[in-house]
Amino acid sequence: MKKRLFTPGPTPVPENVMLSMAAPIIHHRNPEFMEILTRVHEDLQYLFRTTQPVVVMTCSGTGGMESAISSLFGTGDKVVTVNAGKFGERWGELVRTFTGGCVEVMVPWGEAIRPERLVEVLREHPDARGVCITHSETSTGTAADIQALCAAIHEASDALILVDGITAIGAHEFHFDEWGADICITGSQKGLMMPPGLALIAVSERAQDIIEGRGDHPQFYLSLKKALESHAGNDTPFTPAVTLIIGLAEALGMLRDEGIENVWKRHERLAAACRQGCEALGMKLFSSSPSFAVTPVWLPEGVDWKQFNKTLKADNGITVAAGQDEFAGRIFRISHLGYYDELDMLAVIGGLEFTLKSMGVPFEPGAGVAAVQRAFLSD
Ligand SMILES: *Cc1c(COP(=O)(O)O)cnc(C)c1O
């Protein structure tokens, strides 16, 4: 039985990317590696749609979030965070840890924040130095309108805009420069089709100036100041994860060959087909503003999550993601972020049909798969 991973991080890694990482290790100060890192820096600018530096850090995505908060803000700084799920909540935890000045905006799970709501909060807090938002909230499979949010924030405030783009980069249209974001972060194990271990952080000119001007504060390994200084020479401040960066060069080359607009479009199509497949099996969708990276679905009435998940894995080789917090055991999430194509969507919906049938859930066999086919054949 073939194993198939449908989780929003780690995501599947293409064979050529894995093979590129199997070569003997090289030294990170050797010209061969410097050339690879230079190419990675350029391709990351292409991916984020920016002329500003995108630094590579050896840590997971959360390390990138911590790096941004601790590099830009300090004790007492007021920072607004939007909590519409697990990862928005994490922004709040980081701000509370590093500044103690968190203004947290709560949004119900499965919904996206409206720009007007954020503007109201910013008018109430004119001294806010930053706003932290999540482009694709992975825990709820919900996408926010980052372009509209950035425009509204700029209109209302001078606060820096920090975007958690961890499951959005590569799945959703995003223009770092044009939309006026100050920080955007992604992680290697999401849309970049890589194993976990790297955070990628884009930094605007405005954010660079602030980082430059800050005095001593307790920070070291995750310092964006150090990372930016090294980036200018296509270097890293510490030993980078050499092997992962070699793999990243290969993966970014694939995205560049496909073309970023095509990559976004592919995710949008796969997400739409996945939603239609689930609905055709009688399942209800969870999000009112669905992400193109991951589709959250309510478990059918009477289906036990543990048994469903066990059967899906053991009998069909398919791993999906569980619901989190209050939605644990009530929803599950199907990822289509990264290295996926049309036939993968047929496989996951087909696997769901096998599992649901074996659990006695009523539906017309083939209804889900037919809906996926129709979605692809009609667009
Ligand atoms: C995965 C994820 C993170 C956390 O990244 P780690 O690599 O697990 O540290 C943060 N935000 C979002 C939206 C994510 O999907």
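A crossing of two helices is left-handed if the near helix is turned anticlockwise from the far one by less than a right angle, and right-handed if clockwise. I wrote that down before opening the structure.

**Ground rules.** This is a predicted model, where local features need pLDDT of at least 70, side-chain atom pairs count only at pLDDT 80 or more, and totals for chains, interfaces and linings use all residues. Residues are numbered from 1 along each chain as its sequence is written, and side-chain values use heavy atoms, with hydrogens and water left out.

**Ligand site.** I looked up what surrounds the ligand and got 13 residues (a heavy atom within 4 Å). The closest are Ser60, Thr62, Thr138, Asp164 and Lys190. By class, I noted 7 polar, 3 charged and 3 nonpolar residues in this shell. Here Ala, Val, Leu, Ile, Met, Phe, Trp, Tyr, Cys and Pro count as nonpolar, Asp, Glu, Lys and Arg as charged, and the others, Gly among them, as polar.

Next I went through the side chains. Thr138 has a side-chain N or O atom 2.5 Å from an oxygen atom of the ligand. For Asp164, a polar side-chain atom sits 2.6 Å from a ligand nitrogen. Lys190 puts a polar side-chain atom 2.8 Å from a ligand oxygen. I also checked cover: the ligand alone exposes 370 Å², and the protein buries 90% of that (Shrake-Rupley, 1.4 Å probe).

**Helices at the site.** H3 (61–72) and H4 (86–98) each supply at least two residues of the shell; helices here are DSSP runs of H or I, at least four residues, and strands are runs of E, at least two, numbered from the N terminus. H3 gives the most, with 3 residues.

I then looked at how H3 and H4 pack: their axes are 10 Å apart, at an angle of about 40 degrees. Axes are lines fitted to C-alpha atoms, for helices over the stretch in contact, and angles run from 0 to 180 degrees between N-to-C directions. That makes H3 oblique to H4 (under 35 degrees is roughly parallel, over 145 roughly antiparallel, 65 to 115 roughly perpendicular, the rest oblique). Their crossing is right-handed.

**Another pair.** H2 (31–48) and H10 come within 9 Å, axis to axis, and cross at roughly 45 degrees. They are therefore oblique to each other, and H2 passes H10 in a left-handed crossing.

Most residues other than glycine have a negative phi, and most peptide bonds are trans. I found a cis peptide bond joining Gly9 and Pro10, with omega about -10 degrees. Pro10 is in the loop between S1 (4–6) and H1 (15–20). Asn234 has a positive phi, near 45 degrees, and lies in the loop between H9 (224–231) and H10 (242–258).

Key: Polar contact = N/O pair within 3.5 Å; in protein donor to acceptor, adjacent residues only side chain to side chain.
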